[in-house]
Amino acid sequence: MSHLTREKLEALSRCWEQWEAEAATPQRKVARARLHLLFLLLRYGGLRLGEALELDARKGVDTVTGMVHVPGPNSRDVLLPLSAMRHVRRILSLPEAESMGRDFLRFDQGFIRKSFYAVARPLGLDRAMVGPRAIRYARGLELLDLHVPVNLVQKFLGQQKPSQIAAFLNFSDGAARRMVQNKTLGPSSGTDPLCNSFLGIVEDISVGMRMASVSVRTFGDMRLGVQCSTRQLVHMEVHANQVVTVLVDPEQIVLSRSRATLSMGNCLPCTVQSIHQDQVESFVSLELGDGSRLCATVETPGLLRVGIYEGQKVYAHFPSRAARLCLD
């Protein structure tokens, strides 16, 4: 596992408390307190390092409620837990917090990273796990593990652009993506969460009298069309740039050896991994270009007639109504 678990985050938090307390001189105590506050904003507030460095802590942090107003292009309000606020209040009560103003949290970024690595050294963790960005993303994973919906985690981290969301979901070998997909399907669904399940971002929505069409760009850079009723669209509050999971019905997939012109909204090039069949139906496992998997259940006579075999390049066609949206 290449990210900080909740247990490791707590251990790292204790290291920071001890490191600050062990400062030998008053000047060093203030410097370590300032760095500790930066850590707290990343670890519990999920701020970007640049956002924390630009924060006027005395004005931006409400020491009564624990609310932090993060200004800038990804402006948002985040709530710090009580466990963090006792340290935040103590550090912001220092005379230097008022006299230094906006400079209280400003350090050279190279110095910050060296300090982060030094504090974490007793835990024997890889540097890639304890830098500012890794700690911020670990907070997002921690929230997902606490069953916070992915779109709320997205807002908490200030992720508005698809590239920002993709970076988080791809972090630590796709840990966030797996957590979202597992929660969408459920542990007792009996379905492989990595098969026929595609995580992506809503790109476009068209609404008709009865049905709505939703275009989703997956994080494997595939475009999927999904149709749902307008009532369902309103109930789910689907909107652009929203993270969704698309589930594809394996029994509505049609396979062809060449790209055919069919009245279906989706056509995905893929490679046949395996075929398991009886006289009536065949279960075909397909690998897509991004490494994701698609399972199709087709009629055995039709599969034999088309002449599809393992290792062959084929096309998987399915209507937009064969795909459905799931929100975490």
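Analyst: Arg106 is partly exposed, with a relative accessible area of 35%; on this scale, buried means under 20%, exposed over 50%, and partly exposed in between, using a 1.4 Å probe and protein chains only. Bear in mind that this is a predicted model, where local features need pLDDT of at least 70, side-chain atom pairs count only at pLDDT 80 or more, and totals for chains, interfaces and linings use all residues. Numbering runs from 1 along each chain as its sequence is written, and side-chain values use heavy atoms, with hydrogens and water left out.

The partner of Arg106 is Glu54, and the closest N and O atoms of this salt bridge are 3.3 Å apart. The cut-off is a side-chain nitrogen of Lys or Arg within 4 Å of a carboxyl oxygen of Asp or Glu. Glu54 sits in the loop between H3 and helix H4 (57-60), while Arg106 sits in the loop between helix H6 (95-99) and helix H7 (109-120), so the bridge ties together parts 52 residues apart in sequence. Helices (H or I, at least four residues) and strands (E, at least two) are DSSP runs, numbered from the N terminus. Glu54, at 43% relative accessibility, is partly exposed too.

Next pair: Arg76 and Glu51, with their closest N and O atoms 2.8 Å apart. This one also links distant parts of the chain, with Arg76 in strand E2 (residues 76-79) and Glu51 in helix H3 (residues 49-53), 25 residues apart. Both Arg76 and Glu51 are buried.

Then there's Arg90 with Glu20, where the closest N and O atoms are 2.7 Å apart. Here the chain distance is 70 residues, from Arg90 in helix H5 (residues 82-92) to Glu20 in helix H1 (residues 6-21).

As a general point, side chains of opposite charge can pair when their charged atoms come close. Across the protein chain, the mean positions of the 40 positive and 32 negative charges lie 4 Å apart. That count takes Lys and Arg as positive and Asp and Glu as negative, leaving out His and the chain ends, and it places each charge at NZ of Lys, CZ of Arg, CG of Asp or CD of Glu.

Now for the wider setting. The protein chain has 13 helices and 12 strands, and its C-alpha trace spans about 80 × 45 × 30 Å along the principal axes. Buried residues make up 49% of its 328 residues. Of the contacts (heavy atoms within 4.5 Å) with a separation of 6 or more, 63% are between residues 24 or more positions apart.

Helix H2 (residues 26-45) is worth a glance as well. At 1.5 Å a residue its 20 residues should span 28 Å, and the end C-alpha atoms are 27 Å apart, which agrees; the expected span is 1.5 Å times one less than the number of residues. H2 is mostly covered, with 15 of its 20 residues buried. Just past H2, Gly46 has a positive phi of about 65 degrees.
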